[in-house]
Amino acid sequence: MAVPFIGRLNPTEYIALVGSFLLVGLEAIIRILTLALPNSLLSLFYAVSRRLFNRLTSPEQKRAQQRRKSISTSVRNASDFVDICAMFGYNAEEHVVQTKDGYLLGLHRLAWKKGEEDMKVNSGPNSIRKRVIYMHHGLLMNSEVWVCLTDAQRCLPFTLVERGFDVWFGNNRGNKYSKKSVKVSPATTEFWNFSIDEFAFHDIPDSIAYILNATNQPSLSYIGFSQGTAQSFASLAVHPKLNDQVNVFIALAPAMSPAGLSNGIVDALIKASPQVLFLLFGRRSILASATMWQSVLYPPLFVRLIDMGLSFLFNWKATNISLSQKLAAYPHLYSFTSTKSVVHWFQIIRNKSFQMYDDDVHPPLSTSSRYTKVAKYPTRNIKTPIILVYGGSDSLVDIKVMLRELPNRTVATEIPHYEHLDFLWARDVDTQVFQHVFDALDSFTDAEHTKEEFESYRRARFLSLDASASFQKQ
């Protein structure tokens, strides 16, 4: 069988490939050591990394870290979504939905503002009726990323609950809350044989159907982050009826067809052959040992390594997120997904097309592309109003390309200095982003998608942009 990248790489890219294998080998060693070594030795490694970090940190940085240590440590050490919400005084429900192809997905729900804990919400004729919001996370994440903030006023879900919404959270198959199927075991390669296609054809529509049935509501509002927006673009494009169930789609840091990675060597390597990821990580979960690093590294050192990785791959500086917020959130940043879903993204990047997964591996001199064509997601057919809020410093967003592939009524708003993760955890995310979300939710209240709703949103958006500009001048 032909190796897919032979003939496509130059010497520099082969060096990068060898380096990648070495890093994967190191990761495997770390994982084995973490699983096999006694706790006493793990504690020793942790202490050594803490001592190393303290030697490299200035007294001023240490004092800044100490000021927010308590809440940051509590959020960092919280075991799950429910525990994080409880820290801020909110009761969270856990639900499980079975997809049509047999995966069991965890859903979370925040329905009660403070003081409503004993009341029924969207549960029968005598209950409180609330509009429903569905929020979906990004690549290599789970629902915890929405709530692992160091203060409640910067947490969009808590703010939405206090504004009277019934807020639900989805989880992709394979992640921390959805690592089970009624058909196959997660120990098999068959379990991990999924890409964005399965998210779009099953996970999103089946989760939304469950939520609407549980709340007895005709429609809901969708808020997605990063890949959570891509999954909605794809799902709305291939499920016409879903457009009648989603009254507005708010896309934060939207992802559809990224230009590529900022690091030239890695970008060239992956574009040359996306399938090389299967050689590096196998056909199950990608970076399965990532959570192990937290066991042996002192938290501030772990934060620095994450920041270095984000800078290396995407040229993100992460200066809009405080150190205390990083200490709280970065341990909740990673969750499991399939190698295939990441390969799918690199196929999209390579072909500059928001397309379905390409199951064929074409040899270098093949002419098969003349006779076959991978189907693109027909995103121009989406009827649900789309509101894009993107960062001007986000290397993963090409807004001009995105707007060409979306309906003409799509509205895009730029937050000039924002990068990707800022839409979750930035210091000023509540003042920079939340009002755009509120404007959309207040304007689009049902699935009719009328001209009056669009006009109402445009007026509200203009006032919010004007107010933001005035605030920045002060």
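Modeller: Here's a walk through the sheet, then the helices lying across it, then the cysteines. Keep in mind that this is a predicted model.

The sheet is an open one of 8 strands, with mixed pairing and the order 1-2-4-3-5-6-7-8. Strand 1 (93-98) and strand 8 (411-415) sit at the edges with a single partner strand each, so one side of each has no neighbour in the sheet. On average, neighbouring strands are turned by 20 degrees against each other, direction ignored.

Now for the helices. Helix 7 (residues 196-215) lies across strands including strand 1, strand 2, strand 3 (132-136) and strand 4 (166-169), and runs at about 155 degrees to strand 3. Helix 8 (residues 227-238) lies across strand 3, strand 5, strand 6 and strand 7 (386-391), at about 145 degrees to strand 6.

As for the cysteines, searching the whole structure turns up 0 disulfides. Take cysteine 148: its closest cysteine sulfur, in cysteine 155, is 8.6 Å away, so that's too far for a bond. Cysteine 155 is in no disulfide either, with the nearest cysteine sulfur, that of cysteine 85, 7.2 Å away; the cut-off is 2.5 Å. Cysteine 148 is buried at 0% relative accessible area, and cysteine 155 counts as buried at 1%.

Note on methods
Residues numbered from 1 in each chain as written. Predicted model: local features only at pLDDT ≥ 70, side-chain atom pairs only at ≥ 80, totals over all residues. Heavy atoms only, no water. Pairing = 2+ DSSP bridges. Helix = DSSP H or I, 4+ residues; strand = E, 2+ residues; numbered from the N terminus. Axes fitted to C-alpha atoms, helices over the stretch in contact; angles between N-to-C directions. Contact = heavy atoms within 4.5 Å. Buried < 20%, exposed > 50% of the residue type's maximum accessible area, 1.4 Å probe, protein only.
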